[in-house]
Amino acid sequence: MKTKLILAPMATLSHEAFRRCVERFGGCDEYFNEMINAGSLLHQGPFEKYYLMSGPVPEKMVWQITGTRADYMAKAASVLAELEGAGIDINMGCSAPQIVCTGAGISWMTKPVSETQEMVRQVKSALENASKDGKKAPRLSVKLRLGGEDFTDRGFFEFTDMLVSEGVELLTLHPRTQKEKTARHLPRYEYVEKLALRYPSMPVYLNGEVKDKAGFDYALSKAPHASGVMIARGAAKMPWIFAKLSGTLEDKEYDMQQTALDFIDDIEECQPPEFWPTRLQRFFTWYCQNFSFGNYFKTQMLNSKDNEDARARIHQYFEKCPDDRFRRL
């Protein structure tokens, strides 16, 4: 069976402009959006419409929600169920302090299990109620970690058993605990394999530290029964990574300058002006690593005064470093 390739949900990056960039190189099997705050969605904040943009391939979208209240999560799921897409995902894996302190993200793994179970039950019910006229209810998935620092095998698998019993149809595991940092702790990919064998009829996706072909092969050597591999920062650096891994990347020279310029154009179309600086900074922090003088290029982009200045700096860089412009990937 073909291993699916999935774009991870990344704050300030997994938006339509970046999905367009990935799709130009051949795309991937599923696109998780940057997480949507359930409360903000329901209160119709001024920027929420940008989080709901579903291009360029709406049927591949997975709408990830985060929040602290079960009722808000269920109502948000009902709203998102009306959109085209592959499913709804509950974020139980984000360990960023600003998310955890509110009771969202991985906090759902450390709360009393009954509280989390009730939230999942409400979300599942909302999705089933949203299906009408013979339409199938959207797939419900959960992205999670191993848990807190008191993680045990027994506690983890009892938790995932609960999720499956409440109708979760797919699990994505980033196999680290809440405080394990990427720089010091390799993912425990064997837990992805354990999940896949525990639930053989349910897809299980692997997430964490897959940045190239070697990392992809190593991860699957540890979790050969994973149904899919989700990639985050590796895609931010190399939007072509999915096509490269699937063997579908065209054998030709690609214009790296045009990719950068197209991204700015897409940001202007897909994001509000208030978001332009942070979205460009996040992308170019990674994309610039492809070039001979990547740190210099990154500094130039981060110091851009506005989008026109950024475009000028891109042209200037490739005029100085023409060998970086066209590349066979």
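Which element supplies the largest share of the lining of the second largest pocket? In this predicted model, that share comes from helix 8, which contributes four residues.

**The largest pocket**

- The largest pocket has a volume of about 1100 Å³, and of the 48 residues that line the largest pocket, those closest to its centre are Pro 9, Met 10, Ala 11, Cys 94 and Ser 95.
- Two or more lining residues come from each of strand 3 (36-37), helix 2 (38-42), helix 3, strand 4 (61-66), helix 5 (97-100), strand 9 (228-231), helix 11 and helix 14.
- Sorted by class, the lining of the largest pocket consists of 18 nonpolar, 19 polar and eleven charged residues.

**The second largest pocket**

- A volume of about 230 Å³ belongs to the second largest pocket, which is lined by 13 residues, with Met 109, Gly 147, Asp 150, Gly 155 and Phe 156 the closest to its centre.
- At least two lining residues are supplied by each of helix 6 (107-110) and helix 8 (153-165), and the four residues from helix 8 make up the largest share of the lining.
- The lining of the second largest pocket divides by class into six nonpolar, five polar and two charged residues.

**The cavity**

- The model has one cavity of 30 Å³ or more, and about 40 Å³ of space lies in the largest cavity.
- The largest cavity is lined by Ser 14, His 15, Glu 16, Arg 19, Asn 33, Glu 34, Tyr 50, Tyr 51 and Met 53, with helix 1 and helix 3 each giving at least two residues to that lining.
- By class, three nonpolar, three polar and three charged residues form the lining of the largest cavity.

- Helix 14, made of the twelve residues 276-287, reaches 16 Å from its first C-alpha to its last, which is close to the 16 Å expected at 1.5 Å a residue.
- Within helix 14, the buried residues are Arg 279, Leu 280, Phe 283, Phe 284, Trp 286 and Tyr 287; these lie on the same side of helix 14, because they cover an arc of only 160° around the axis.
- The partners against which the buried residues of helix 14 pack are helix 1 (16-24), helix 3 (48-51), helix 11 (233-237), helix 13 (256-270), helix 15 (294-302) and helix 16 (307-320).
- In helix 15, the buried residues are Gly 294, Phe 297, Gln 300 and Met 301, and because they cover an arc of only 125° around the axis, they are on the same side of helix 15.
- The cover over the buried residues of helix 15 includes helix 14 and helix 16.

- Lys 143 belongs to strand 6 (residues 139-144), and its relative accessibility of 13% is under the 20% limit, so Lys 143 counts as buried.
- Apart from neighbours within four places in sequence, the contacts of Lys 143 are Pro 9, Gln 64, Asp 89, Ile 90, Asn 91, Met 92, Gly 93, Thr 172, His 174, Asn 207 and Met 230.
- Between the C-alpha atoms of Lys 143 and Gln 258, which are 115 residues apart along the chain, the separation is 34 Å.
- Thr 66 is located in strand 4 and is buried, with a relative accessible area of 5%.
- When neighbours within four places in sequence are left aside, Thr 66 is in contact with Met 35, Ile 36, Asn 37, Ala 38, Met 73, Asn 91, Ile 99, Ala 104 and Gly 105.

**Backbone features in loops**

- Gly 55 and Pro 56 are joined by a cis peptide bond with omega at about 0°, and Pro 56 is in the loop between helix 3 and strand 4.
- Thr 12, a residue other than glycine, has a positive phi near 65°; Thr 12 sits in the loop between strand 1 (4-7) and helix 1 and is partly exposed, with a relative accessible area of 22%.
- Gln 44, also a residue other than glycine, has a positive phi near 55°; Gln 44 is placed in the loop between helix 2 and helix 3, and with a relative accessible area of 68% Gln 44 is exposed.

Notes. Residues are numbered from 1 along each chain as its sequence is written. This is a predicted model: local features need pLDDT of at least 70, side-chain atom pairs count only at pLDDT 80 or more; totals for chains, interfaces and linings use all residues. Side-chain values use heavy atoms; hydrogens and water are left out. The expected span of a helix is 1.5 Å times one less than its number of residues. Buried means under 20% relative accessible area, exposed over 50%, partly exposed in between (1.4 Å probe, protein chains only). The arc is that of the directions from the helix axis to the C-beta atoms. Contact means heavy atoms within 4.5 Å. On a 1 Å grid over the protein atoms alone, a cavity is a set of points where a 1.4 Å probe fits but cannot get out, and a pocket is an open set with protein on both sides within 12 Å along at least five of seven lines; lining residues have an atom within 4 Å of a point. Grid points are joined across faces, edges and corners, and a volume is the space filled by probe spheres set on the points. Ala, Val, Leu, Ile, Met, Phe, Trp, Tyr, Cys and Pro count as nonpolar, Asp, Glu, Lys and Arg as charged, and the others, Gly among them, as polar.
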